[in-house]
Amino acid sequence: MKNRFVHIAWFVLLISGAIPLLQQWTELLPVTPLGGAITLSSKPDWEASDWLDGSFQNNFEKYSKDNFGLRASAIRLNNQLDYSLFDELNAKSVVIGKENYLYEENYIRCYLGMDFLGEEVIKERLFKLKKVADHLKTMGKDLIVVYAAGKGTYFPEYFPSSYDSIVPGKTNFDSYVRNTRELGIPFIDFNSLFVKMKDTTRYPLFPKCGIHWSKYAELLVADSIVSYIEDLRSIDMNHIIIDEVKWRSTNRDTDYDLGRGLNLVLELDTYPMAYPEFHIENKPEAKKPKMLFVADSYFWGIFNRGFSSSLFGGGQFWYYNQGIYPDSYENPISVSEIDFQKSIESNDVVVLLYTDANLSKFAYGFVDQAYELYFKLNK
C-alpha cells in the first residue's frame, strides 16, 4: 500500500512537471495572456561569447521563467487565492475600496492633497505656460488646458476605510484651476463638470473596475472640446452624433482595465456600462483645425476612435510628452527626435490634457521646453 502511494505521488509529480513543458512546446491549451503592463523576456540568440561569460545562461533562465507553459494560469490562480482568502491584490498601486471599487492609489492621494506641490511651484509653471500661450496667439495659434476628470474626485465615498481618518488638504487641482483662470489661460474643467453631473447623468461617467472615464464619457469629452474650439476660434466644426446607446453587463475595454490588470480567475462584479454607437457629421463647410494633444492616458480612448483625423485635422498625440502617435503606432518616435518648434507651430491648436492624478508632473516637461524655446534660447 505504501509503495503504491509513493508510485502515485511520483506519477503526479512527473505529470505536474511535464504539462507545463508540453504546453510551452506545443501551446496545446488556449491561455489568455496576462493583463496590465507586463514585459516578458525574449528568447536570447546563442553567441559563443555570451555562453562563455554566462550571460546567455542568465538570459535564457529569465526567458524560461517568463514563458513556461501555463504561467499565466498559475499566476491567475495564485492571485485569485490571495484575493478570495485575504483580500490582497497583486497589482502595483491598485487598491480596493468600499463595495469593491478599484482605484489607483495616486488618484486617492491627489484628491486628499497628499501630493500637493505648493502654490509657488504651480504659479511659476502656469506663468510660463501663459507666456507660451500668448506667444502662440500672436501667430494665430491657440493653447488650451483640459483638466480631465479623475476617479478619486468622482468617487471619494468608496475610498478604502484606511483613508477615512485623513482630512483632505490643499490640492494641485484646485490650485491649477484657480491660477489658470486668474491668468486667463483658456481651459476646460471636466473634473468639476463630471462631479456636477454625477446625480443627473443618464449614463455612467466612470466604471467600477476601471480607472479611466467611460466610453460614453469619451464621446462627451471629445464633442465638448470641439464646441470649445469652435467658440475660441469662431469656426464651425463637425460634431459627434450618437445614434444608439447599448447597455452591456460585461464591461469592455478600459471600463475594466484595473480589473483586467489584477489577473484573477474570476471577474469582479461590476454594474452595466453604456456603449454608444455614433457617426461624425460631414458638413461641407466644417473646419478641421490641426490639433496637437500633449496628454496622458485619458486621451487614448479618444485617439483610438480616430478623432485625431476625423475631427482634429490629423494632429498628433504626444503621450506624456514622450512617444509620438500616429507616426508609428507600434514604434512611436520620441519627442526628443523631432524639431520641437516646427512641430508645435505646424498646428492650429495645442491641447494639454491631464487628469488630476498627474498634475504633480503636469505636461511632463512640455511647459519648460516651450518656455526655453521662445523666451530663453532665442534671446
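## Overall composition

The protein chain contains 15 helices and 11 strands. These elements are DSSP runs numbered from the N terminus, with helices being H or I of at least four residues and strands being E of at least two. The model is predicted, so local features need pLDDT of at least 70 and side-chain atom pairs count only at pLDDT 80 or more, while totals for chains, interfaces and linings use all residues. Residues are numbered from 1 along each chain as its sequence is written, and side-chain values use heavy atoms, with hydrogens and water left out.

Of the 379 residues in the protein chain, 45% are buried. Here buried means under 20% relative accessible area, exposed means over 50%, and partly exposed lies in between (1.4 Å probe, protein chains only). The accessible surface of the chain is about 20100 Å², and carbon and sulfur atoms account for 53% of that. Such areas come from the Shrake-Rupley method with a 1.4 Å probe, and for residues only the protein chains shown count as cover. Among contacts between residues at least 6 apart in sequence, 75% join residues at least 24 apart. A contact means heavy atoms within 4.5 Å.

## Helix 6 and helix 8

Helix 6 (residues 119–137) and helix 8 (residues 172–183) have axes that come within 10 Å and cross at roughly 40 degrees. Helix 6 is therefore oblique to helix 8. Angles under 35 degrees count as roughly parallel, over 145 as roughly antiparallel, 65 to 115 as roughly perpendicular, and the rest as oblique. The axes are lines fitted to C-alpha atoms, for helices over the stretch in contact, and angles run from 0 to 180 degrees between N-to-C directions. The crossing is right-handed, a term used if the near helix is turned clockwise from the far one by less than a right angle, with left-handed used if anticlockwise.

On the helix 6 side, the residues in contact are E119, I122, K123, R125, L126, F127 and K130, and they meet N172, S175, Y176, R178, N179, T180 and L183 in helix 8. The residues of this contact divide into five nonpolar, four polar and five charged. Ala, Val, Leu, Ile, Met, Phe, Trp, Tyr, Cys and Pro count as nonpolar, Asp, Glu, Lys and Arg as charged, and the others, Gly among them, as polar.

## Two buried residues

L126 is found in helix 6 and is buried, with a relative accessible area of 0%. Leaving out residues up to four places away in sequence, L126 touches Y176, N179, T180, L183 and I185. L126 and L183 are 57 residues apart in sequence, yet their C-alpha atoms are 7.9 Å apart in space.

V349 lies in strand 11 (residues 349–355) and is also buried, at 0% relative accessible area. With residues up to four places away in sequence not counted, V349 touches D142, I229, R233, K290, M291 and L292. From V349 to I229 the separation is 120 residues in sequence and 8.5 Å in space, C-alpha to C-alpha.

## Backbone exceptions

Most residues other than glycine have a negative phi, and most peptide bonds are trans. N100, which is not a glycine, has a positive phi of about 65 degrees. N100 is in the loop between strand 1 (94–96) and strand 2 (102–104) and is partly exposed, at 36% relative accessibility. N263 has a positive phi near 55 degrees. N263 sits in the loop between helix 11 (257–261) and strand 6 (273–280) and is buried, with a relative accessible area of 6%.

Y325 and P326 are joined by a cis peptide bond, with omega about 10 degrees. P326 lies in the loop between strand 9 (323–325) and strand 10 (333–334).
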